[in-house]
Structure formats: C-alpha cells, structure tokens
Amino acid sequence: MPIIPRVGRKTARMRLLFALMHLVLALGALTMLYPFLLMLGTSITSSTDTNEFRVIPRYLSDNNALFAKYVDDKYAGDLERINLLYRTDFKRLSDVTLPTNLNTLDSRNILHFWQFHHADTPIDQLEAGFRGYGVHVGNLTLTWRSYLRERFQNDIKALNRSHHEEHQSFETVSPPIERLTARNWSLGTSQKERDFLEWKRTLPKNWLIEAGLDVLFAHYLKEEAPHYGGDIRKVAKVWGGIRSFAEITIPSHPPTNPQARADWESFVRRFVPFRYLILPTALPEYRAFLKVRYPSYPKLDRAYDSLKNANGEYDLPNPLPSNGRITQDWGEFISKAVPIAKVSLKEPDSNFRRVFTSEVYNAIRCHYNTYSITDLSTIAKMNAPYYLADARYVLDNALHLRRNYITHNYNLVIDYLLLHGRALWVTILFCLAMILTTLTVNPLCAYALSRYRLPYAYNVLLFLLATMAFPAEVAMIPNFLLLKELGFLNTYWALILPGAASGFSIFLLKGFFDSLPRDLYEAGMIDGASEARMFLTITLPLARPIFAVIALEAFTASYGAFMFALIICQDPKMWTIMVWLYQLQINHAQYINMAALTIASLPTLLVFIFAQNVILRGILLPTEK
Amino acid sequence: MRRTLKTFLFLALLVLALPTHAQTVTVRVWGIPRSAEGGPFERANRQIIDAFEKKFPAIHLEAATGLQVNGPANESGVLMAIAGGLAPDVMYVNFRQMESYIKQGFLLPLDDLIAQDPRVLEPIHPNIRKVLNVRGHVYAFPYQQWVQALYYRKDFFREAGLDPEHPPRTWDEFYTYAQKLTKPEKGQWGFGFDSSPQGTSWYWVNFLWQAGGEVVRELPDGRWASAFNTPEGVTALKFYRKLVAEEWTLPNGQKQRGVAVRATDVLNDYVGKNHQAMWFEYQSNAIANRASINISPALIGIAPMPKGPTGISANELNASMWGICALQKDPKVQQAAWEFVKYMGSDEADAIRTRAYIDAGLGMYLSPLSLKKHGYLEYVTGANKEWLKATEELFKNGKPEPFGENCQLIYTELDQPLVEIGLYPDHDPTEVLNRAAKTIDAKLLGYVEPEVQKRRRQIALGAVTGGFALILGLGVLMIRRLSMAITDTEGSRMAGTNRFRYHLIAWVFMLPAVGSIALWAYFPLARGLLMAFQDYRIAAKTRWIGLDNFIEVATQETFWKGILHSLEYVGLTLGLGFCLPILLALLLAEIPRGKMLYRSLYYLPAVTSGLVIAFLWKQFYAPTEQGLFNQMLHGLIEAWNTLGQWLHLPLHLKSDMKIDWLGDPTFAMLAVVLPVIWAGAGPGSILYLAALKSISEDVYEAADIDGASIWHKIRYITVPSLRPLIMINFVGAFIGSFKAMENIFVMTGGGPLYRTHTIGLEIWYNAFMYLKFGYATAAAWIMGAMLVGFTLYQLRLLRNIRFTANN
C-alpha cells in the first residue's frame, strides 16, 4: 500500500477515499459472487420454480411451493389432469397450493379410509408417477435406470439383448410407457414389461397414481360428447347439480336417466379400457356374436384355439391378449354387440365410492359414525381424496422431499457424467497426459537452449516462436486432416500431440533458466556432477513454482477444451466431460444445466484453492532488458 | 398339409441362414430410434426395425450417433461425423440435403441396386420421383412421403363463430380468420411461426409458392441461383409482415400487433398447450395426422393450404429418404444396407406401422388408404376420410422443398429476411429480399456470372501476388532483423572438446519440441496454403481451382461482416475491459483490509472454464421476464416510474418491457462481450498485482517526501513500471479477441442477423458445417495476413523483455 501514503491516513479525506474503495470493491465482488450464487440456487430447482431466479429457492421454506413442485413432478406437469383429480382450478402449476380443509376431522377420516383402499387397488389400475416430461427427467426414470444397472451389472449390451433395444449407455434408458386408460392396453408380456411390472410392485405407494375413470369420463363429456358442445350447464342438467367438469363422477352401473344412460353407454362402448369392464353374464351374446362374424367354423378355430373349453365351446377371453384378432373382435363386440345392461365397471374411482358407501352405511347403522356424512347419496358425488392424500404426504415428508429436490438434479448429472461410458477417465487421462507432455517437452527444450550455448540457439527459438504469427485457424483444418490421415482421430494422440509444444512456454522457461545464478552450475561442474544430476538437483527445485503454473495452465486448458475435441474426437467413447456437458445442455432443462455447471467447476475450484500460493509465486513478470 | 410345408420352408430357411448367420453383417444406420419409447412415430419405426432384424438374422443394425450441434447448424451432425471419420453406412437424407451430399461424394448411386427390383419405385408419387432423378441417377430411396398441410382446431373455430367445415381458402380469409382466432386475453393466437433456426422460413416457403414465387431455380448449366427476390416474393414477405407485425384493433378497442406468434417451439408451447388455432404440420402417405397426440382427433381439421392472391395452391412436398454412404466400399454391407433401405419403404413396413399406431390407440391418425390396405376398416372414420381428401390435393399441389446444392442450409439463410422484416417492419421488402438473394447466391449456391468471375480472377491474381510479395518481404525483413538483434545479444560459445556429442545431446533435448512444432504447426501451415487453392473434398476428388477461394472470400458478404464484427468485438472488449484489471489491481494493492477475501472473490470466474461462463450468462440473458437481466431492467423501470410519480413528472415507462438480449441486434454484441470482460477482470488483475508488488516502496516514499499527489504517483511511477506488462497484455488481448469464437458460438452462434458473426465463426462454420475447407483456409490466411503485423510486433516486444519469477 505504498501509493497512498502511510502518513495522514486518519484524515477525513483519506477515510472517505478508503470507504469509496471498499464500496467499489464490494460492489464488484458482489457482481462476481451473485451469478455463482444464482447458479447454485437455480441448480436445485425444477420446472415450477426454475424461472424465479432466487438465490434460495422458495420451496426450502414454503410448504405451498414444495407442494407445487411435488405435484408437478408426480403428474408430469399435466395441469388439466391435476385440476380434474383435485377438483381445483389452478391456472399455472406454480399456483398450486395446499388444500385448506386438510385438518378437518372428516378429511382425516376419509384419508385414512382411502389409504386402505389405495393399498388394495390392483397393479394394473395404478400408473407409476414421477415419470418426468419434456426435458425434465423424473425420479421414476432415475430409479428405473439404477435398478437396471444393478440388474444387468452395468452392462448395457446385456440390457439391449434382454429388452431388445439399442442404447449406448444407461442414460437413454426409460421405463416403458403405460397407457392404462388406452382401450386395449394390458400388462405386457415382453421381457422389459415384465421386468417393469416386477419392479413397479416394489415402488412406494405414493408413487402410484390411480388410473380411475372419473377424469376420463369428464374429459369425454367435455370434449367428445357432441350434444353438449362443451357446455357445463347442459351437462349439469343431465348429470345433476355440478358446477364444473371436475365434479363429474362415473357410476359403476348404467344410470337410469335416459340421457345419462346414453352418455354412459357410448363412453363405455368407445373408450373404457377392456380391463375395467365386467360382463360375466354376456357369454351367450359373445358366442352369438362370434357365430355371426365367422359363419364358417374352421376359420374361427385357429385364432380362437385358446378360448376353447373342454366341451369345444368358446369362453370369454380372460385375460384378454393385448392385440391380435381376439382383441380386435372383442372391441367390436363391446362397441356394437354387448347389451349395455350386462356391463358394469370395475375401476378405482367408483370402487372407492362403493366401498366407502358400505363403510359409512355400517357406521350409521351401528351408531359409531365418525363422519359428518349422514346422507349416503352424497358419496355418489364424491371423488377419491387425491388432493388430501398428496398434501398429507408432502407435509409428512417435507424434510425428505426437500432433501430429495436439492439433490435430484445433482444425482442426474452425476449419473450422466460418471456413467457416461468413460468421460471421467478420458478427462483425467487427457489432463494428466497433457500436463506430463507439456512439462517434459517444453522444459527440456528450454533447458537445452539455455544451458547449451549453441550458436544457432536463437534461430531455434525464433523457429519455435514464429508460428505465433499465424492464427491457429490457418492450421486448424490441415491439422484436422493430418490427424485423420495419421489415423489419430478418436484417440488420445489427437487430443495430446498437437498441443504438446508451445513456443511461448519455451520462451518463458528459457528466460527463467537464463536468470538462474550461473555460479550454481559452475560449482556443480567442478564437483563433477552430470548434466542430468544438475537438472534434477539444481534446476528443478528452483523451477518448481513455474512448473506448477505451467501444469496448471495445461490442466485448465485441457479440462476446458471442447471445441476442437468436439471435432477430432466425435466418437462418444472419447468425449471429455466438457463435450458431454455441451451435449447435455442441448437437450436438458436450465436447472439441470446449472447443476452440471456447478459440478464441472468443482475440479478447477479445488485445484485453485490448493494451488493458490503456488500460482502467485510462479507468475513470470516481464521486465525490460 | 400346409403346416408341414411351412415347417419345411422354415427349416430350409434356417439351413440357408445358418452359414450366413455365422458372419453377421453390421450396418450402421444414422437416425434409427434406440428404443420404443418416445412418440408413436418412433415406436412404429422401432417395431419395423425389430421386424427387419427378425427377417434378416444375418444383418445387424446399429444406431450410429454423433454429436449434436445447436444453433444454425443443427442438421450438420452427420456431415461432421463423416468429416470426423465416423461415416454411417445408411444415413437419413431429405430433399434439401441430397444435392450437397452427392456433390461431396457421400452417397452411393443406387441404380444397380434398384435394377435388381425396379418395382420398388412404383409407390412413389410422380412429383417426388422427379426430384429423385439427379442427372440420371438415383441416390436416395424414400420410405415416407410428406406434404405440409394446414391444421386447425375445430373447437376454436366454433368458439370464434367460424364454420369448422370451411377452413380458409384464400389469404384474405386466412388473415381474417386468424384475427378472429387471436385472443390476447386467453393467450390464444391465430397462427404461429417457429423462431428456432430454420423454423420461420420453413413455414414461409409455402406462402412464397402460393404467391407464385420460387426459392431457387436451376440454370441451364446445372448450377443453382436464388429466385425469390421477385414481385411474388415481395408479396409473400409482405403477407408474413402482416401476419406477425401489423397492428390492428381488437373488438374491445385494444391494439394488437400481428395475428401469428413467433416462439422457439410453437408446436409444443402453443399448439400443444391449446394456445394456437391454426398451424402447418406434415401429413404423410401413411400418417394422415401428425399433430401432437394429446389433442383429440375429433377437434382437428386438416385442409389444403389457402390460395395466394393469384389463385395458386401450393405447399411443401418432401420425403424421408435413406441413402447409402459411398465411403462404405464393402459390397456385402452395401447389399445389406440396401435390404434395410428397401424394407423401410415396403408394404410390410407399412403394415407394421399401421398396427403399431392401432395398438397405441392411434388408428384414427392413419391414412384411410393404409387402413384399408391392411384390413382395419373400422378405423376409417369421417375425420380421417376428410383428411384424406386434403392429402390428395396436397400431394397434387406439392412443391418439392429446395433441393439444389448447399440447400441443406437454405432455411437458415432464408430466415434472415424474415427476421429482419419482423424486427424492422419499415424496411423495404424488395431490398430485404435482394440482399438475402445476394447472400444466398454467393454463400450457398456459389453462383457468379461467368464474365464477372473472369474479371475477378484477374484482379485477384494481381492483388494476391502483390499482397504475398509484400507480406513475405516484410516477414523476411522482420525475421532477419529480429534474429540478428537476438543473435547479437549473446554469442558466447562453450569451448567443448567433443563438439559433435555436445550438439547431439542438445538436440536430443530439443527434438520433441522442435519436431512437434514442425509437424503440428509448420506442416499444416504449408498444407493450408495449398488447400486455399483447392476445392477440397473429403470423399470426392479434390480439384485445383487457383484463386477462386480467395475471390469467394473477398466477395462474400459474411466474410467482411465477420472482419467488421471481429474488429467491433476487439474494440468493445479492449475498450471496456482492458483497463479494468489494472484498476482492480490498484484497488486490491491499496486496500488495507480484506485483501485476501476480495482477491478470492474476484478470482472466482477463473475457477470455472470459459464454457461454463458462457452458458451461465446465456441463462441470465433469457428473453423471458424471468431472465436476470430482464428482471434488473424491470426493477430499473419501476424505480424510474416511482421517481416520476414522486416528482409528478410524465416519466412513465411501460413496465412489461422485456428484451431478447442475445436475439436483438442492438444488444447482441455487447451481450456477448460483457461476460468476457466480467470473467477477465479478476484473473487479469493477479498479474498486475504481482507487478505492483515488485515496484520498490522506496520510490513511492521518495515521491512522498517530494510531496507528490496520489494521482502523480500513479501517473509517473506506477504506470511506467507496468508498461512492459501492459504492452504485452494489450497485444496478446488484441490477437486473442480477434480470433474469439467459442464463447460466441455458445451464446448466439453468430446471430441474430449475423450481428455477432465474427471471422473465427466464419472460418469454423465453413470448414466444419459446410465442409468448404478450401474456402475456410483461404479465409484463415487472409485473417492471418491481417494479424501478421500485430504478431510480428508482439515478437519484437518479446525480444526486449525478460521474464523473471515473482518472489
């Protein structure tokens, strides 16, 4: 601090000056720090809150924000479905809040009852949530991948063989798509689907979403039923006392009101999944249908072999195959031939109402009714307490969920990087090799130039330096072609060799070696030390800080290089972390990128923290001769 | 009986297959789906591939992948893979790519293979067959044929009081419909253009054709020239302007700008989220409706496109094709690849696709023709019959997408006039189109009038000879002076006894470095000089073309833009950022407390790599209102408005202003430069800080005694002692930022409207995206020549300087 004189520092003017300097520096430091804090903050967000750009995301302290995040995650961002399930009318996912009636006695009781019902719902009526959507990779996908990695012992080829796919790494593997509400969907029979089912049974209960028909039926009345034209008032006239489509519930049996019955029938005939239909008494109609469809028996025989019973007659298909002629005919039978009075539904939503009705009925009858419900017909208008269930889960597991959301993006990136073939090894090897080569090639040459007083030493130096006159771009393309012709593309050589020698480093080093006291070497020579010995015992210890700086530079350059590596090593097996990151940011969300960037800066940060003093000592400063 | 026959056949096949099975042929295919997840389209393709592998057990298909590039070059992945020596055996080709691939020698003529089975061409629409025939050869085989169609939401039509059975037939109707369908209060738009690279013009070419215009035309000599800068083109451009930028009044009296939204992913973000009433989307010979599947098919209408003012009906016609890579010489692999290509276009594949769609519950979406053919009559409904009507007309009116040389990038270039007229609606459309046509002619199609070319060659010869002589002379002079000066300084020689051995040891030490520089710097340099005079091609024959590359560079607008923008970039970087580290170092050196803390904080950017910083800032520049910079802007505007209220002055600004920092030509360059300055200040100051410490305190104390002020001390002591460092850094920073490209590549890719297109990018794009190596090296040499003065000056500076360790 010599420019500002030591004397007179206590004067008001000087104090003002120092205050001003502090202010400027602090403001500047803030602009340096703030982006990194934002980066950290954003790296633990997800799609509901990524655009809020907060240093500390809201969900860490606010339960509503946490709930919105959870809901978005669980239902793959499908707001329409969420509103229908919850009977709410949220405009945006980030607006989703906790229900207000969560703690009433009724809510608690119903929820308690529903949990038993949920545990009993068959697996083919439950959809696995947390699937992720768009650029958001959900927890389901992540856990599925780690399950498969364990199962196939990290061997992607084994997975490809078994599941009949073409992945190059586990990173592109995703769980099979379940279309529980598609008409002819059934539990698959392929190896992949069987594996998935087995694994799905082990998932926590809150991951499984009931694929009930309320939502589908509401959607049908809103969009598909032509006579309503999407008008809720017209629907309400038929379906009684509802104010929004979310309040629609589906009866398990054909209703009596003729228009409602017509709606129910056309919905059942055209849209309800076959698995949800029960029609045990429709066997005579089925046989009649087959007779009409296949007047000649032999043709029928082959396709329907499996349905034939001991008496040579055909039974109802059970279970129904997922495709093929039987299924096609079954669809035809349902949509045209079966008498609607013989059909009823077996699906989670109406099932819950049915079971709950008998529970309340029993409670009323035996006078231990804890529910405020006294009129059983209100239950027919009730849907399952999905909203309450999700809210309860979030509140009970807030800590766990927060921890999970903090680490989610990082887990994904770590998975991506570590398991991406060999990115980590390639990067480490590349950096090490680069450091080693630059630390041998350049100092050797500089040492020779400095110690051996060759008459043409400076011409050599000039030869090495003169390439700086030409921009790297001139040589870039021929360099690429040279690598190609030498067969070095997609090898470590291509990454290391072209950048091994640097004229400028040699120049710097020679200057440094020149400045070492000559007496040392003369003394060494008198003692009869060999050249190698002198290099090791005299030069090396003195040059350590400079070597450290050169090594550091080689490290940062090779760690950060991505453009040339992008071209000369296009084989994904040879990609360094930086190239993978570049690929990652193309098709991932912003918050994942932020997590990736944070992780990518860690190695350099660590190196700089530990090498800070070495750097400062190793800086070479120019002075005029 | 039949069963035994089948068993026999099966066994016979097995026997036949066994010996071949032992030597499976692997075919690497670019762009096959890896798994059955994804959309129904991918699922169907995956099933076709599975069926193929089952049918041909001796052929193994492998998904060939390479890297993805974003920005304007997103389709160049396969080109880069080929350039990088990882050519796939079978690659996806569409019309706009075909000619370039052929010229580069990537595609194998399929004539012999087709001759084995000429019927394979039968199902192909005659309009497409015309395009396939390139100078008497066929290089690619279509497996799906596409047309662009007008899709619309019937429910939105009904809501707006329009008849869903009467889609707009003319432009005027289209515009009035779009007005009625635009409802800002619901966030609903009448139409939409995709603003991601190549998106806008991809939709717009339909309007161009409807106006009676053409994109490119083939000249009698087989070359191509642009053809859209005609009155018809102007009509189409004006219509585009009307759609996106013209102000009109809503029924409620509010002003509204345009009826079409421009956003990066309109299909997902607007159509898919029920915010857009009409859009363009493909239909194929197999799939009648390719709309995002979460919209119920009953709500979607598909129609031929509206007729232009002259009554012309037109829409884009395209085909998904497979080509076989000519670099694969093994006839066995070629044959296997052909089996695959053929299979993908076969009826069998169509049957599998149809079933896959039906299994997915999407039978409705298929073309009734395919449904009928494969026996799924029950899925033929009113809606898809209606769509089929549209399909027939669309194929009839289909205009093949531009398929001349280098047309794979035509949409990128054709976006430019559209972006320009969108940003500046008052620009003259004729001029905008003329400019674009000039660029496209020069850049993509390489078309120059023969006489002009001849004259240019003469001028170029003179200029280049003169220039080279000058540079060579200067260089030699400089190097001689340098070497003399250096040799003069020291020349002591060791009186060695064994001189040969002495030299040998020295050379053993020096050889790795000298050899490496000779091989990796001088050899490519010399070779680059040769390449600049060649039309270098990777797979096809390389020709000598004299000075044509240099002529092309000199006449290329983007090259000069690159130079100009590089200069601007250098100016901004140095002007705004060069002094910052020096000031920072002064502050850090003088501040009595907190030095370590400040230093560490300022050093943070150096800890992350340049790429990380570029990505980080790209997020801050997000054009949405949540982007950090837009938030700051919002805060400023709020403060300003509060101030205005407070002082009772009419200072009110609109508070919903948001800026697309990287997408607006006014801000783009500054936006690209800022992160560089921000990241460079701290690490740069460390050097100066070390230098400041090396100044002896006695000097300052002496000055104190003489009563010098702080300013005087800085002016007369500090700055002169820092001079060598400042000089060296300045020259280094100049050369460095002149060549800058990586950070720009990541942040803007050179856009918008070439506003951040620097010379480094020009070279990189031409070399690795367009594979114009000759052109790129010529450009690099010219850039080298421009910088050589600076570099020599740098060398001269170094001569007088010695670097010593800082203690």
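**Figure 1. Buried residues of helix H21 in chain B of the predicted model**. The buried positions of H21(B) are B:Thr558, B:Phe559, B:Lys561, B:Gly562, B:His565, B:Ser566, B:Tyr569, B:Val570, B:Thr573 and B:Gly577; a residue is buried if 20 or more other C-beta atoms, placed from the backbone, lie within 10 Å of its own, exposed if 12 or fewer, and partly exposed in between. H21(B) covers residues 557–577, and its 21 residues reach 29 Å from first to last C-alpha, close to the 30 Å expected at 1.5 Å a residue. The expected span is 1.5 Å times one less than the number of residues in the helix. Helices (H or I, at least four residues) and strands (E, at least two) are DSSP runs numbered from the N terminus. Residues are numbered from 1 along each chain as its sequence is written, and chains are lettered from A and ligands numbered from 1 in the order in which they are written. In this predicted model, local features need pLDDT of at least 70 and side-chain atom pairs count only at pLDDT 80 or more, while totals for chains, interfaces and linings use all residues.

**Figure 2. Strand S7 of chain B and its pairing with S12**. From S7(B) (residues 191–194), B:Phe191 and B:Phe193 point one way, whereas B:Gly192 and B:Asp194 point the other way, and all are buried. In a regular strand, side chains alternate between the two faces of the sheet. S7(B) pairs with S12(B) (residues 260–263) in the parallel sense over 4 bridges, where pairing requires at least two DSSP bridges. Opposite B:Phe193 stands B:Arg262 of S12(B).

**Figure 3. The largest nonpolar core**. This core has 293 residues, and those with the most contacts inside it are A:Cys445, B:Val90, B:Tyr240, B:Phe340 and B:Ala779. A nonpolar core is a set of buried Ala, Val, Leu, Ile, Met, Phe, Trp, Tyr and Cys residues joined through C-beta atoms within 7 Å. Helix H26 (residues 665–693) of chain B supplies the largest share of the core, 15 residues. Not counting residues up to four places away in sequence, B:Tyr240 touches B:Trp204, B:Phe207, B:Leu418 and B:Ile421; contact requires C-beta atoms, placed from the backbone, within 7 Å.

**Figure 4. The contact between chains A and B**. Chain A contributes 114 residues and chain B 113 residues. Helix H1 (residues 12–42) gives the most to the chain A side, with 13 residues.

How values were computed: Contact = placed C-beta atoms within 7 Å.
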